[in-house]
Structures are given as C-alpha cells and as structure tokens.
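Visitor: I have a model open and want a quick tour. Can you walk me through it?

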Amino acid sequence: KVFTDYFFDKTAFNVHDAAYVPLVVPEVPETKLLIPSILKPDKETATDAWYTLTAQAGETQMLPGAKTKTWGYGTSVLGQTIVYQVGKHNHVTLQNQLPELTTFHWHGLGVTGPYVDGGCHAPVYPGESKTIDFTLNQPGATTWLHPHPCPSTAEQVWRGLAAMVIVKDDSENGLNLPHDYGVDDIPVILQDRFFEDDNQWDYRKRYDPDGIQGPTPVINGTVNPVFDVTTQKIRLRILDGANRREWRLHFSDDLPFVQVAGDSSLLPHPVTMTHLMITCAERAEIVLDFKDYQADDTVTLFTDDTPLIQFKIHEFSANHTTIPERLYTIHTPEVDSNTAIRKIVMSGMDEMVMLDGKKFEMERIDATQPIGLEQYWDITNTNDMKDGMVHPFHVHGTEFLVISRNGKAPYPNEHGYKDTVGVNPGETVRIQVRFYLPGLYMYHCHILEHEDGGMMAQIQSFEPGQPLPQYELMNMDKM
Ligand code: C2O
Ligand code: CU
Ligand code: CU
C-alpha cells in the first residue's frame with residue numbers, strides 16, 4: 001500500500017495562518033548541499049568517549065554578497081553532526097563563546113534532567129564551560145541539539161544553533177539500510193529564514209508570537225541546494241528545525257519513498273508513501289530508490305509547491321536489496337487500567353498561549369510521575385478547527401508511543417517511538433509515557449515562540465519510595 005496524503009487536517013495547515021509567510025524560490029546559483037562534518041571525539045576508549053562542543057558566533061556565505069552573521073556549534077552555522085553509541089559513557093564539555101547565556105539541550109536523548117538534559121535550568125554563562133556525562137540506553141535514532149534558555153530559545157535557534165545528533169545501536173547498525181554518512185545517509189535540516197537587504201537575519205524585526213517565519217528555505221545552512229546522488233538508494237534523515245514552519249514534502253514524479261524511522265526509533269514496519277508532513281522538531285528517516293532514473297536525471301524535493309533540494313543523479317551500481325519488513329519490535333508494557341490518565345491542554349494563540357491554563361514558570365514543578373510507570377497522557381489542542389493551528393507537543397528525556405487521535409488509530413507512520421507529536425485543532429492525542437530516569441523534564445509546544453511564550457510546563461520523575469530530590473532551579477534574576 002502506498003499512502004498518498006499528509007494525514008493531518010488540511011484546515012489546520014499553516015498556509016491558512018493569517019501571518020503565513022509563503023516560501024519563495026531563491027534566485028541564487030545552486031550550491032552543493034552542505035553536509036556537516038562529524039564531530040570527532042577528543043579521546044576515545046572501548047568504554048568512554050570525550051567531546052568538546054563550542055557554541056560560537058561566526059559568519060556564513062549563504063547568499064551572494066555579504067556573509068550572514070550566524071551562530072553554530074563548532075561551526076559558523078548549525079553544528080557538526082554528533083554520533084553517540086548506545087552503551088558508551090560520554091563526557092561532553094560544553095563551552096559558551098557567545099555573548100549571552102545559553103544551554104545545550106539534547107532533544108530526544110534519554111538523559112537526566114534538568115542539568116544534563118540542558119533545559120532552561122542548565123545555563124552555561126558567556127565565557128564559561130561545563131562538563132556533563134551520560135550513557136545512553138535507547139533505540140538508535142535521529143535526534144538533535146539546540147539551545148533552551150528561557151525565554152530566548154526561539155531567537156538562539158533562529159541565529160543558527162542546531163545540530164543533528166545520531167544515536168547508533170547494534171540492531172539498527174545491523175539492518176540493511178543506507179549507512180554511509182554523507183554519501184547515502186544524508187542529514188536534512190529544514191529551516192526558513194528572512195534575509196534582510198544586507199543578507200542578515202533580524203529576529204526582532206520579523207518576530208511573530210505564533211512563530212517567526214521567513215520566505216527563504218535554508219537546508220543544512222544552504223540556500224538552493226543540490227545533492228549529487230551516486231548510489232541507487234539514499235536515506236534522508238529529515239529534521240524540521242524551523243521555529244514555526246511545517247513541511248509538506250513530496251518529490252517530482254510523485255516518487256514513492258519508504259519511511260523507516262520517526263523521532264526516536266525505527267518504525268516497526270516500513271511505510272511507503274508519496275507525501276509526508278513534518279511539524280516542528282519532528283524527525284523522519286526515509287529511503288528513496290532511484291532505480292527508475294539514470295545519470296543526468298534530476299529528482300526534486302518539494303514542500304507544497306516550492307522546490308527545496310535537487311537530487312542530481314549520477315552513474316550508480318544496481319542495488320537489489322530490499323528494506324526488511326520488520327524493522328523494530330516495541331517492548332513497552334501496557335498501561336495498567338488503574339493508572340489515572342494525565343490530561344494536558346494546549347490553548348490559545350499568539351501571546352495568549354498556555355499549557356493547562358497557565359504560563360510556564362521556571363520555579364514551579366507542575367507534575368510528578370514515578371519512574372517505570374506507564375501512563376496515558378491525553379494532549380488536547382483546544383484551538384478551533386477554523387482558525388486554529390497544529391501544536392507539536394514534545395516531552396524531554398524519554399520516548400513515547402502515540403496511542404490514538406480522537407480515539408482513532410494514529411497515523412500509519414507514527415507507530416515507532418516519538419518525542420514530538422503534532423496535535424490538530426480540536427483533537428486529543430493519547431500518548432503513552434514512562435520515564436526511566438529520575439529527573440526534572442520540560443514538556444511543551446515546539447513552535448519555539450509558543451514555548452518561549454509559556455506553552456510549557458515541567459514534570460519531576462522520581463524513584464518511588466525515595467525522598468524527592470530538590471533541584472536548583474533557574475529564575476529570571478539569574479538570567
Ligand atoms: Cu527541542 Cu524543550 O525542546
Ligand atoms: Cu527536548
Ligand atoms: Cu503551539
């Protein structure tokens with residue numbers, strides 16, 4: 001079966017927003033899609049790896065003419081791709097060379113909050129550095145790193161801070177999927193920016209409380225990218241790294257592709273589709289097969305009607321392998337019927353956004369959940385269908401399962417583990433959440449301006465029978 005629709009409610013697509021900024025095809029020469037290099041460990045043994053990450057300011061040639069002032073992790077914009085092996089003990093030194101406080105949030109990693117997780121309680125002040133360490137025990141997945149200081153996450157991401165973080169585990173490594181980074185296993189970070197006349201980005205000028213947007217697609221920091229295809233199959237690790245924009249992806253010739261992974265794990269089974277909508281912070285891994293193309297053909301990736309990347313086909317050798325029908329087995333136990341359902345409400349638009357009728361407060365802990373307990377969370381978006389928007393709901397520090405949408409089956413491509421789920425206006429999405437580490441974790445809408453605007457809360461997971469640890473929490477005076 002080939003799925004040919006976007007699944008989400010059409011009436012809620014961002015193109016209906018009053019402030020929607022349509023994309024414009026940039027009239028600049030083609031540029032090779034930038035493939036961020038892989039961050040090398042400073043040192044590595046069989047059991048441990050040491051890394052240094054630096055948040056820094058720089059300049060990037062994005063358009064002809066003046067360079068754009070940008071921020072990045074060890075690079076001028078975005079960051080090097082980080083690869084963590086499950087089971088390895090990682091030591092990461094976080095350096096801040098920016099002129100302001102930042103944090104290093106591991107979106108999608110199962111690490112303890114609130115400090116290692118890098119949410120708003122883990123500041124690294126300008127000129128300072130901090131070392132964290134953790135061992136991952138989670139499925140192989142495409143995750144990411146971004147800043148999370150309250151309330152300037154949106155502005156710091158807009159300035160360029162975002163890096164892909166690939167989690168590698170043995171079962172994924174052993175599958176017959178493209179694995180050659182930069183050759184047939186390609187990071188695709190989708191963003192949009194507003195280039196002012198001097199080629200600069202001006203966050204304040206283009207600010208929108210429902211999420212800043214720009215008319216220029218920027219992919220891996222590249223405007224008008226082309227990618228040279230030298231293998232019959234390629235795997236794209238797609239990340240919606242935009243502050244607000246949703247992407248409705250499809251290829252020329254309606255070329256079908258196979259989604260093999262979502263945010264936090266492989267899918268149980270591959271899903272063949274021609275269209276894919278991805279909301280802020282979500283990831284999707286897809287495999288494309290160019291068997292019906294030959295050298296000098298071009299295949300274009302579009303969002304709605306706007307071309308994003310041109311794939312230029314070169315000679316390749318035939319690849320007759322097939323994607324395994326079973327990619328991943330989920331072992332999560334069922335929820336005990338005596339366990340209460342946690343109700344979470346995302347409401348409002350613009351400055352009025354709230355979570356459970358409240359605005360986020362750094363020193364207020366909104367909920368608790370014992371580690372190991374499987375619990376349903378019912379996430380409701382109370383926006384009305386006509387003028388509402390999709391709110392992408394995200395939980396730190398764990399992976400969850402999507403159980404239902406308004407009581408009906410989830411979309412066919414959301415059966416794996418996820419950490420972010422788009423909730424349509426008027427919809428209640430049931431997810432199954434458990435924490436496996438004690439800590440303090442944030443949960444929020446991942447439209448970054450909604451998060452900064454207070455559509456966020458925090459939950460403490462705890463070891464049953466143990467005294468609740470007290471955390472040192474940030475407040476506005478320490479910012
Ligand atoms: Cu991408 Cu609070 O996270
Ligand atoms: Cu996160
Ligand atoms: Cu939102």
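Guide: Let's start with one strand pair. Strand β17, residues 247-251, is joined to β20 by three bridges, and the two run antiparallel. Strands here are DSSP E runs of at least two residues, numbered from the N terminus. Two strands pair if DSSP finds at least two bridges between them.

Visitor: Which residue stands opposite leucine 249?

Guide: Leucine 276, in β20.

Visitor: What sheet are β17 and β20 part of?

Guide: An open sheet of six strands, ordered β2-β15-β23-β22-β17-β20, with mixed pairing. Its edge strands are β2 (31-32) and β20 (276-278), each pairing on one side only.

Visitor: Before I go on, what kind of model is this, and how is it numbered?

Guide: It is a predicted model, where local features need pLDDT of at least 70, side-chain atom pairs count only at pLDDT 80 or more, and totals for chains, interfaces and linings use all residues. Residues are numbered from 1 along each chain as its sequence is written, while chains are lettered from A and ligands numbered from 1 in the order in which they are written.

Visitor: What are the mean pLDDT, ipTM and pTM?

Guide: Mean pLDDT for the protein chain is 97, and 100% of its residues reach 70 or more. pLDDT is the predictor's confidence in each residue, from 0 to 100. The model scores ipTM 0.99 and pTM 0.98.

Visitor: How is the chain divided into domains?

Guide: Domain 1 is 2-14 + 176-313, domain 2 is 24-170 and domain 3 is 342-478. The bounds come from an automatic or database domain assignment.

Visitor: How many residues of domain 1 and domain 3 are in contact?

Guide: 30 residues of domain 1 contact 29 of domain 3. Contact means C-beta atoms, placed from the backbone, within 7 Å. On the domain 1 side, β18 (257-261) and β19 (266-273) each supply at least two residues. β19 gives the most, with five. That side of domain 1 divides into 14 nonpolar, nine polar and seven charged residues. Ala, Val, Leu, Ile, Met, Phe, Trp, Tyr, Cys and Pro count as nonpolar, Asp, Glu, Lys and Arg as charged, and the others, Gly among them, as polar.

Visitor: How far apart are the C-alpha centres of those two domains?

Guide: The centres of domain 1 and domain 3 lie 25 Å apart.

Visitor: New topic. Where does histidine 91 lie?

Guide: In strand β8, which spans residues 89-96. His91 is on the uncovered face with His89, Thr93 and Gln95. The covered face has Asn90, Val92, Leu94 and Asn96.

Visitor: Why does histidine 91 count as partly exposed?

Guide: Because histidine 91 has 16 C-beta neighbours inside 10 Å. With C-beta atoms placed from the backbone, 20 or more others within 10 Å make a residue buried, 12 or fewer exposed, and anything in between partly exposed.

Visitor: What does histidine 91 touch?

Guide: Asp48, Trp50, Thr131 and Asp133, not counting residues up to four places away in sequence. Aspartate 133 is also the bridge partner of histidine 91, in β10.

Visitor: Which strands pair with β8, and in what sense?

Guide: β4 (residues 48-60) pairs with β8 in the parallel sense over eight bridges. Threonine 52 has threonine 93 in β8 as its bridge partner. β10 (residues 129-135) pairs with β8 in the antiparallel sense over seven bridges.

Methods. Helices (H or I, at least four residues) and strands (E, at least two) are DSSP runs, numbered from the N terminus. Two residues are in contact if their C-beta atoms, placed from the backbone, lie within 7 Å.
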